[in-house]
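Here's a quick tour to go with the structure on your screen. Have a look around first, then read on.

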Amino acid sequence: MEKATCVDGRAPALLSDGRVVGLQPLLRGGTHALWADGDRLASRDWFDNAYRMAESEGDLEAMAWSALGLSGLWLHEHRDTAAAVLLETRLRRALATVAPDSSLGLRLAARLAGEADYRTSQHARILAAVREAGNADDPVARAEAGSMAHQCLLGPEHRETRHALAQDLVADSLLTARRGDLLIGLLWRTVDLFLDADPHAERYLAELKGHLAQDRHLAVGFVVDAIDVMLSIRAGRIEEAETLAATCAERGQAAGDADALGWHGTHLVALRWYQGRIAELLPALRELVNSPTLSARDDSHLAALALAAAATGDQRQASGALAKLGGGDLAGLPRSSTWLLTMYCVAEAAHLLRDGATSATVYDLLRPFAHLPIMAGPGVACFGSAHHALGVASLTSGDAVQAVEHLREAVRHNVVIGHWPAATLSRARLAQALRARARPVDAAEAQRELSVAAQDAAGFGMALPAFEWRAAARAQPRTVSCQRRGSRWMIELGARAAVVDDLLGMSYLAVLLANPGSEIPAIQLAAGPGLLSAAAVDRTASSHQPVLDEQAVRAYKRRLSNLQKEVDGYHARNDIARAARAQEELDWLIAELKANSGLGGRPRTFAKSDELARISVGKAIRRALQRIAIADPAIGRELRDTITTGAQCCYRPNLSR
């Protein structure tokens, strides 16, 4: 490990009991923690103690070094308003006490310029600071200013400037001899290649990891961890990515990175989006959009909130979130590192809201960047080709021809960058666009794309959002299937699947799903499979049929026995929640048996009006639908829309979807 230098060039001096002797060791300790270890939490302690000691001793130069160290490695590290104002005050005070053309003066001025530009989404002042440091031939000042400038220029339109800054930073690191400068330079070069969808990006990532393997650097390591999550999602390793995301968040907190919470939120948005579960994030996103830990330039979480709300059907909340973006002016949003993701979420939300005007605006704004992948931050998350969002926006605006062109290109580009979930999603959207274009050959092509998408989604363990399937398969019926798997039931809808425990209502649903479009009397469903033959649809069946035949009673009793064992087992394992759910079903079954038994335990018969059959069967089916909706909300909604109960029960797939 390198020896840190600060002010007088000596190595950190610590006593064996951990106490620091004097002001200079405090400054050296902070410098080493910041630039060698990338440990912002430790460096803040060192520099804060140094600042207080220097202030008490009236050492203005040491106060200046301490203030500079407290500002950290990246811009906008201090998100709390009071802390940010205090830091700026200290920096300005320090700058006023040192020679402006000194190395310390140049570095303080660059930090103030970078912080100001970052807050206002500008870059002129920090680029001027880079030039000034270059003119002074100060490699340390130039390296720090270049890194801050790169962070200010992570928007999609600054590719060439970023590449030059990263290359210069790597070169300057040879002159500064600071390990942190080399690692940050390699990091920015790697990030730039991912933002450009360069096929060699992972090669440079491997080089960076090789340096980190020699010795840790918490700050750079956290960004690399976040990139690894992104790559796992792109490869379709969804479960692995979720585990990596949790570990990444923990390491970000350990490193003292202010973006730990926000980046974890972005990872979850990507994961749940490709899992078809974005609606689950709605409560968390409501809280996250108001978190003071978010960057002042980050609008992506508000856009994700709009998407999650739209996916749940909450049009008011979705429209409200969209209206807040840029104060209703999308063109006014800063072109930050999360701008592309913001546009992607807006395009998808607008599609769900059927908001053609917003979609047209998104199209115009995003069109110049069609060649880029939708990336968030320094490679934190990737949502595939920008052509996908352009295709969705075109589809919403009613231009199916244009939508097909963009979505075809999206599929191709996503395959090139190896983003398989995004390619799968783009195929489903392409099928939707082909249906909308409706040329003679489009139906067959749409079916092929949809079949490939379904197969790939199942292979990745992902689920396409339910609205994708409804929109893309409008020209053909889409049915739900149901099969018993031991003591449980598997319900499938396209690429989606849900597994639920056995319930009486599930056996009724199985009959209805196996006979789409057929009206089956409730009295026949209650009679059990013994009478559910082709005659099951005969409405002239006896009105004195027992509510429960012997076979049904035996099935009830077997289920009662199994439920009691489940309740006892859950209690033994202290699993109170599951025990309560099993007990609820047990109590219901006992009540049903009592309600359907007459004097002496003889089975009751239905009244001539079939009223009891209607009530009993309807209640059982609704209970089963509730369980399915818990397991998979999309399948639950589909069944609620297509199952009717009453004296006659029927499953009618919506052929218009």
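Which side chain does the side chain of Asn 414 make a polar contact with? That would be the side chain of Ser 426, at 3.1 Å. Keep in mind that this is a predicted model.

**Around Asn 414**
- You'll find Asn 414 in helix H20, which covers residues 400-417.
- Asn 414 counts as buried because its relative accessibility is 0%, and the cut-off for buried is under 20%.
- Leaving out residues up to four places away in sequence, Asn 414 touches Gly 384, Ser 385, His 419, Ala 422, Ala 423 and Ser 426.

**The nonpolar cores**
- The largest nonpolar core has 137 residues, and Tyr 274 and Phe 383 are the ones that touch the most other members.

**A three-stranded sheet**
- Three strands make an open sheet in the order E6-E8-E7, with antiparallel pairing.
- Strands E6 (520-521) and E7 (643-644) sit at the edges, each pairing on one side only.
- E7 and strand E8 (residues 648-651) run antiparallel and are joined by two bridges.
- Thr 644 has Cys 650 in E8 as its bridge partner.
- Helix H24 (residues 504-514) packs on this sheet and touches E6, E7 and E8. The direction of H24 makes about 60° with that of E8.

Methods:
Residues are numbered from 1 along each chain as its sequence is written. This is a predicted model: local features need pLDDT of at least 70, side-chain atom pairs count only at pLDDT 80 or more; totals for chains, interfaces and linings use all residues. Side-chain values use heavy atoms; hydrogens and water are left out. Two strands pair if DSSP finds at least two bridges between them. Helices (H or I, at least four residues) and strands (E, at least two) are DSSP runs, numbered from the N terminus. Contact means heavy atoms within 4.5 Å. Axes are lines fitted to C-alpha atoms, for helices over the stretch in contact, and angles run from 0 to 180 degrees between N-to-C directions. Buried means under 20% relative accessible area, exposed over 50%, partly exposed in between (1.4 Å probe, protein chains only). A polar contact is a pair of N or O atoms within 3.5 Å; within protein, one must be able to donate a hydrogen and the other to accept it, and residues adjacent in sequence count only if both atoms are side-chain atoms. A nonpolar core is a set of buried Ala, Val, Leu, Ile, Met, Phe, Trp, Tyr and Cys residues joined through side-chain atoms within 4.5 Å.
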